[in-house]
Amino acid sequence: MNRALIGLFCFLLFAACSTAPEYDLVIRDGIILDGSGSEPYRGDLAINSDTIAAIGPEIEGSGQLEIDANGLAVAPGFI
């Protein structure tokens with residue numbers, strides 16, 4: 001029985017560590033204009049509550065709400 005409990009614990013620990021983060025909102029495949037003066041780039045933006053949680057070329061995880069911004073400008077934080 002102890003081996004079964006250890007096995008279950010290891011499985012749950014692995015599952016918890018490998019789970020992708022969840023976000024309130026993910027905007028996918030937009031043209032990111034970050035206000036820094038650098039060139040725009042295609043990428044994703046994730047938001048939790050009122051905070052930008054992640055930004056980059058391809059964000060892992062899912063959002064409660066997801067928006068496909070293909071071909072649209074996304075200007076986080078400065079508009």
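The legends below describe close-up views of a predicted model. Local features are given only at pLDDT of at least 70 and side-chain atom pairs only at pLDDT 80 or more, whereas totals for chains, interfaces and linings use all residues. Residues are numbered from 1 along each chain as its sequence is written, and side-chain values use heavy atoms, leaving out hydrogens and water.

**View A. The largest nonpolar core has 7 residues.** This core consists of L25, I27, I32, L45, I47, A69 and V74. A nonpolar core is a set of buried Ala, Val, Leu, Ile, Met, Phe, Trp, Tyr and Cys residues joined through side-chain atoms within 4.5 Å; buried means under 20% relative accessible area (1.4 Å probe, protein chains only). Strands β1 (22-32) and β2 (41-48) each supply at least two of its residues, and β1 gives the largest share, 3 residues. Strands are DSSP runs (E, at least two residues), numbered from the N terminus. Another core, of 5 residues, lies apart from this one and includes Y23, V26, A46 and A54.

**View B. D44 is a buried residue of strand β2.** The relative accessible area of D44 is 5%. Its side chain forms a polar contact of 3.1 Å with that of R28 (a pair of N or O atoms within 3.5 Å, one able to donate a hydrogen and the other to accept it; residues adjacent in sequence count only if both atoms are side-chain atoms).

**View C. Strands β2 and β3 form a hairpin.** The two strands run antiparallel and are joined by 5 bridges, with β3 covering residues 51-56. I47 stands opposite I52 in β3. Between the strands are 2 residues, and S49 in the turn has a positive phi of about 60°.

How values were computed: Buried < 20%, exposed > 50% of the residue type's maximum accessible area, 1.4 Å probe, protein only. Helix = DSSP H or I, 4+ residues; strand = E, 2+ residues; numbered from the N terminus. Pairing = 2+ DSSP bridges.
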